[in-house]
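Here is a friendly tour of a ligand site and of the helices around it. Please have the structure open as you read.

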Amino acid sequence: MKGKAVVVGAGGIGTAVASALADQGYSEVHVVSRGVETHLLSKVSTWCSDYSDPSIESIARAISERPGTLERLVITNGILQGDGYRPERALRQLSRATMAQIFDVNTILPMLWLGAFHEALRQADKPRMAVLSARVGSIEDNHLGGWYSYRASKAALNMVLKSAAIEYARRLPLVKLVAFHPGTTDTGLSKPFQRGVAPDKLFTPAFVAEKLATLLDEVVPDSELSYLAWDGSSIEW
Ligand SMILES: NC(=O)c1ccc[n+]([C@@H]2O[C@H](COP(=O)([O-])OP(=O)(O)OC[C@H]3O[C@@H](n4cnc5c(N)ncnc54)[C@H](OP(=O)(O)O)[C@@H]3O)[C@@H](O)[C@H]2O)c1
């Protein structure tokens, strides 16, 4: 019998990942969200969170106390644009408040969830975790510039994940952490940027979720951080 799986964030990709994990037969699949459309999911337990520190702590504790070990943790939170801000094209468009907000959601929040589930992950045999990163967070791959805050938040995410992998390696020899690039996926986040994307390069959330669920099954639990695209290929840092 498989143990528990947790998905944080229930946007397009998060919802699809929760469905894919539920289909894989985990004993329990838990989805945490600010409350967006989790009622669409069957076979999962939903938790509403405002992502404050107390909320993260109490939800992580409640899920950890449920029966079974925590075998999968997938964190999907991420923002690219929102009310009053768009991805920057020039230095003059940088806003301290916007940058801080994007870092808060894209970089800091995933790490708070990883920290909150740390003890639960230690109970599992070979826990595998994925955090949704993005290829645009690759410094080597940055040939176009722009998107300052989003790029930087994902590059910073990769760095803090690297430190987490090093910390895990000291105490959890058979853990795996993946910074995952889903490819351009048809969700609310990418909607404004889909013009010019070839149809065969625009993935459905279900396709990406299936790729991620399979990748987590197949990846070697070596306590390293891997920066992987949807097809399992490595991305340069
Ligand atoms: N779609 C793509 O083409 C693409 C490409 C590369 C990387 N990604 C990454 O994939 C991940 C999932 O994105 P998606 O495509 O599924 O987009 P989406 O449908 O817009 O989902 C956005 C996700 O971010 C969370 N979120 C949004 N605003 C938030 C806020 N203010 N505070 C905390 N969480 C917030 C949502 O959580 P709630 O359920 O709590 O609302 C949801 O999980 C993101 O990290 C994104 O950067 C996507």
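The report below begins with the basis of the model, then turns to the ligand and the helix pairs.

## Basis of the model

This is a predicted model, in which local features need pLDDT of at least 70 and side-chain atom pairs count only at pLDDT 80 or more, while totals for chains, interfaces and linings use all residues. Numbering starts from 1 along each chain as its sequence is written, and side-chain values use heavy atoms, with hydrogens and water left out.

## Around the ligand

The ligand is surrounded by 28 residues (a residue is near if one of its heavy atoms lies within 4 Å). Ala10, Ser33, Tyr51, Tyr150 and Thr187 are the closest. By type, the shell holds 12 nonpolar, 14 polar and two charged residues (Ala, Val, Leu, Ile, Met, Phe, Trp, Tyr, Cys and Pro count as nonpolar, Asp, Glu, Lys and Arg as charged, and the others, Gly among them, as polar).

A polar backbone atom of Arg34 is 2.8 Å from a ligand oxygen, one of Ile13 is 2.9 Å from a ligand oxygen, and for Leu189 the distance is 3.4 Å. The protein covers 88% of the 880 Å² of accessible area that the ligand has on its own (Shrake-Rupley method, 1.4 Å probe). Helices H1 (12-23), H3 (96-116) and H5 (148-171) each give two or more residues to the shell (helices are DSSP runs of H or I, at least four residues, numbered from the N terminus).

## Helix pairs

The axes of H1 and H6 (residues 205-218) cross at roughly 55 degrees and come within 8 Å (axes are lines fitted to C-alpha atoms over the stretch in contact, with angles from 0 to 180 degrees between N-to-C directions). That makes H1 oblique to H6 (angles under 35 degrees count as roughly parallel, over 145 as roughly antiparallel, 65 to 115 as roughly perpendicular and the rest as oblique).

For H3 and H5, the axes come within 9 Å and cross at roughly 20 degrees, so these helices are roughly parallel to each other.

Terms used. Polar contact = N/O pair within 3.5 Å; in protein donor to acceptor, adjacent residues only side chain to side chain.
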